[in-house]
Amino acid sequence: MRQPSAQRGAPRQRRAHSASLLRSAIVIGVILLWEILVRIGVIDGDFLSAPTEVVRAMADLLGDPDAQEAFRRTGSSILLAFVMGTSAGLFVALALGASRLLREAFLGPIAFVLSTPKSIFLPIFTLIFGLGGMSAAAFGAFESFFYVVVNVIGGLGLVEQRHLKVADAFGARTVHRYADVILPAALPGIFAAFWYGIKHAFLGVMIAQLWASDGGIGPLIRTYSAALKTDYVLAIVLLITIVAVVAGALWTRAETRMNRWRSTGAATVATI
Amino acid sequence: MTMNIESVTLTYERAKGDPVTAIRDIDLEVRRGEFVSLIGPSGCGKSTLLHCMGGMLRPSSGRITVDGEPITGPKPSRAAFVFQDYSLFPWRSVVDNAATGLRFAGVRKAERRAVAMKQLELVGLDHVAESYPAELSGGMQQRVAVARALAMDPQIMLMDEPFGALDEQSRRRIGIEMSNVLTEAEKTVVMVTHSLDEAIFWADRVLVMGKGPGRIVREFVVDAPRPRRLDFMTTASFDTLRAELFGLLEGAPEEVVAP
Ligand SMILES: Nc1ncnc2c1ncn2[C@@H]1O[C@H](COP(=O)(O)OP(=O)(O)O)[C@@H](O)[C@H]1O
Ligand SMILES: [Mg+2]
């Protein structure tokens with residue numbers, strides 16, 4: 001028995017509103033406290049810069065051509081990693097989805113690599129590709145590939161035999177089977193795959209660049225850290241966080257729109 | 001249009017275990033404008049026979065022709081299915097679901113939506129054309145599935161326990177409604193059902209199938225004009241037929257020998 005939603009809706013909305021107020025209050029409180037503690041010298045400003053310093057550093061960074069160049073290089077490495085990792089992952093997943101033999105042969109190893117820390121393979125990428133952007137992009141692609149495969153295969157598991165039967169009965173050709181049944185049914189998995197694809201492309205590129213790279217944000221962070229310019233390091237971290245949060249929000253919206261035919265919210269991917 | 005089924009046998013080959021002969025030596029003729037219902041115990045091969053008629057399964061032996069042309073695969077303009085579980089595409093609106101077969105046939109969007117809309121009007125659902133299947137009751141979903149089949153303007157409609165998943169009351173109401181819609185559209189229908197009432201109410205001919213392996217054991221002619229009204233179910237001839245069918249099905253249909 002379902003209760004009329006209007007009756008339960010109002011208090012729930014009010015609670016959500018209060019929760020977001022509380023959240024904002026705590027964030028603002030922490031920032032204020034942090035600023036004060038640095039100002040009165042309880043926290044050493046050399047190790048943890050005050051929020052106002054970080055904001056000033058951020059403005060500085062955004063205007064600095066060298067920093068801009070670093071962001072651009074990292075951005076294009078991430079994009080390249082995402083495109084390579086996701087397309088390879090999608091291709092492999094569709095092949096595995098179409099053949100039980102391939103699935104039995106390769107899904108196990110893929111799931112195994114997924115569960116290992118992939119950073120241990122990083123030196124191999126540096127050996128092969130050197131210190132340039134390609135090395136970071138290739139490692140990012142490698143990171144994201146496994147997540148894409150596993151999520152797309154999970155999505156293919158949502159395809160229902162009865163829908164394929166209807167498609168056949170109503171004269172669907174192979175292209176229709178994919179476009180009208182398989183892809184829409186597997187969409188939550190494909191969305192999750194894209195999300196994890198971009199997330200791990202990002203992580204992979206960042207790790208590779210922090211570890212060894214001759215360009216991009218990684219070396220920038222290394223330089224500022226070595227010079228104890230904490231405000232700049234924090235500003236970079238904050239910028240990256242803002243980009244990630246905005247991207248996540250846009251993503252969730254797009255996904256909700258694409259999946260609006262689903263009456264339950266169960267299909268939404270946790271965008272973390 | 002005449003569909004001829006000539007000594008059709010279908011044996012399922014199984015990866016594990018022995019092959020199963022689901023139907024053996026079925027002979028049947030379905031004529032234009034006729035409503036035929038298939039009734040029989042579970043597992044006697046009703047769905048198998050229907051799938052063969054629609055080209056979804058290839059008979060192991062024997063042949064099926066429509067106006068002399070052999071059936072080699074599914075072709076919705078010749079035979080369109082209505083399945084028990086509706087199986088609408090949940091990611092498509094009602095009208096786009098009704099237009100599914102036309103889309104596969106390459107009909108342009110505006111045109112196929114217009115045709116689908118007309119069929120939705122016929123089944124009384126044009127007002128929910130832009131809704132999604134999840135927002136509809138089971139009975140409404142099945143009417144959309146009927147509209148989807150009708151949109152192909154098929155020579156024959158193949159319905160596999162179309163109302164089996166509905167509650168008793170909706171089942172009777174929607175059953176009568178759809179029977180009238182299809183009668184007025186002058187369709188040819190073969191319907192599998194578990195319900196004696198439904199089998200008699202719908203059909204010009206009731207075919208009773210028996211098990212082991214599936215074959216047609218009896219044929220009853222229901223001699224009443226269509227469209228029929230609900231009170232047809234209260235007539236003496238309906239009762240007599242029902243009693244006879246009941247005896248046949250609840251006795252051991254396997255033992256019954258075709259006359
Ligand atoms: N895909 C299949 N593979 C093997 N055996 C099947 C398959 N489909 C149906 N059968 C068998 O064929 C017989 C007839 O099934 P079916 O046509 O579904 O009967 P009904 O629709 O009358 O209940 C049953 O014994 C069933 O187990
Ligand atoms: Mg069946």
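Predicted model: local features only at pLDDT ≥ 70, side-chain atom pairs only at ≥ 80, totals over all residues.
Some housekeeping. Residues count from 1 along each chain as its sequence is written, and chains are lettered from A in the order in which they are written. Local features need pLDDT of at least 70, side-chain atom pairs count only at pLDDT 80 or more, totals for chains, interfaces and linings use all residues, and side-chain values use heavy atoms, with hydrogens and water left out.

Okay, chain B, starting with strand E7, residues 156-160. Strands here are DSSP runs of at least two residues, helices (H or I) of at least four, numbered from the N terminus. Five of the five residues in E7(B) are buried, so the strand is largely enclosed by the rest of the structure; buried means under 20% relative accessible area with a 1.4 Å probe, protein chains only. B:Ile156, B:Leu158 and B:Asp160 point one way, B:Met157 and B:Met159 the other. In a regular strand, side chains alternate between the two faces of the sheet.

So who pairs with E7(B)? Pairing takes at least two DSSP bridges. Strand E6(B), residues 79-82, runs parallel to E7(B) with four bridges, and E8(B), residues 189-192, also pairs with E7(B) in parallel over four bridges.

Over in E4(B), B:Val66 stands opposite B:Glu69 of E5(B).

Technical notes
Buried < 20%, exposed > 50% of the residue type's maximum accessible area, 1.4 Å probe, protein only.
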